[in-house]
Amino acid sequence: MTSDELGSSAQRERRERILDATIALASHGGFDAVQMRAVAEQADVALGTLYRYFPSKIHLLVTALAREFERAEKVLSTKAIPGDTSADRVITVLRRTTRGLQGDPHLTDALTRAFMFADKSAAQEIHAVGMLLTRMLTKAMHPGIDEVSDDDIAIARVIGDVWLSALVAWVTGRSTAEETAAHMERAVRLILR
């Protein structure tokens with residue numbers, strides 16, 4: 001959302017407090033710890049206000065995921081992404097993002113589960129997450145180029161889907177962090193030959 005869509009500075013600040021509270025609760029206890037009443041209390045907003053901003057816990061957590069991706073994108077945009085090939089650079093982006101998520105397993109569990117559970121009522125939030133991830137990956141594929149092809153966007157979306165699947169396997173204990181990284185690297189190298 002643009003600043004205009006987010007409303008006044010007080011509304012933006014309130015929204016940030018809500019997302020901060022959500023991240024803090026998820027970091028301490030995962031998906032189940034994020035209860036709307038607890039978020040409202042920690043953010044110091046009325047429960048009705050929270051529901052006006054976010055109609056459900058899923059909307060709230062998926063929006064928090066988008067904010068985490070926005071922050072990752074800002075960090076990545078501060079310097080050139082190392083790597084000689086598109087695959088090398090995409091792998092670097094995914095490794096950094098994955099390491100950041102794996103550093104906070106409860107938060108990653110909450111954000112990943114919310115993304116998986118989201119239905120069409122959270123389409124706008126899901127779309128925002130997808131666009132951020134696609135933009136990060138296409139920038140890694142083609143640094144310095146603002147316009148990318150439809151094929152590049154499709155490739156980035158496929159890589160994003162594979163990455164999410166690998167992250168779900170890690171969150172659910174079906175793979176280790178090392179296996180997740182190896183799976184992603186293999187997939188990216190196959191897709192970006």
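Two rings of Phe, Tyr or Trp count as a pair if their centres lie within 6.5 Å. I worked with a predicted model throughout.

**Entry 1: aromatic pairs**

I searched for ring pairs and found three aromatic pairs in the structure. I looked up one of them, Phe-69 with Trp-163. The ring centres are 5.8 Å apart and the planes stand at 45°, so I logged the pair as tilted. Phe-69 sits in helix 5 and Trp-163 in helix 9 (residues 150–171). The two are 94 residues apart, and the pair links distant parts of the chain.

**Entry 2: a charge over a ring**

I checked Phe-31 next. Lys-57 lies over the face of this ring, at 3.9 Å from the ring centre.

**Entry 3: salt bridges**

How many salt bridges does a search of the whole structure find? I got eleven. I then went through some of them.

Glu-16 and Arg-67 meet through their side chains, with N to O at 2.7 Å. This bridge links distant parts of the chain. Glu-16 belongs to helix 2 (residues 9–29), Arg-67 to helix 5 (residues 57–76), and 51 residues separate them. I looked up the accessibility of both partners. Arg-67 is at 5%, which is under the 20% cut-off, so Arg-67 counts as buried. Glu-16 is at 31% and counts as partly exposed.

**Entry 4: bridges within a helix**

I stayed on helix 5 for Arg-71 and Glu-68, which lie three residues apart there, about one turn of the helix. Their side chains form a salt bridge at 3.7 Å, N to O. Arg-71 has 42% relative accessibility and is partly exposed. Glu-68, at 21%, is also partly exposed.

Then I moved to helix 10 (residues 177–191), which holds both Arg-189 and Glu-185. They are four residues apart, about one turn of the helix. I recorded a salt bridge between their side chains, 3.3 Å from N to O. Arg-189 is partly exposed at 35% relative accessibility. Glu-185 is partly exposed at 25%.

Definitions and conventions. Residues are numbered from 1 along each chain as its sequence is written. This is a predicted model: local features need pLDDT of at least 70, side-chain atom pairs count only at pLDDT 80 or more; totals for chains, interfaces and linings use all residues. Side-chain values use heavy atoms; hydrogens and water are left out. A salt bridge is a side-chain nitrogen of Lys or Arg within 4 Å of a carboxyl oxygen of Asp or Glu. Buried means under 20% relative accessible area, exposed over 50%, partly exposed in between (1.4 Å probe, protein chains only). Rings of Phe, Tyr and Trp (its six-membered ring) pair if their centres lie within 6.5 Å; planes under 30 degrees apart count as stacked, over 60 as edge-to-face and the rest as tilted. A charge sits over a ring if NZ of Lys or CZ of Arg is within 6 Å of the ring centre and within 35 degrees of the ring normal.
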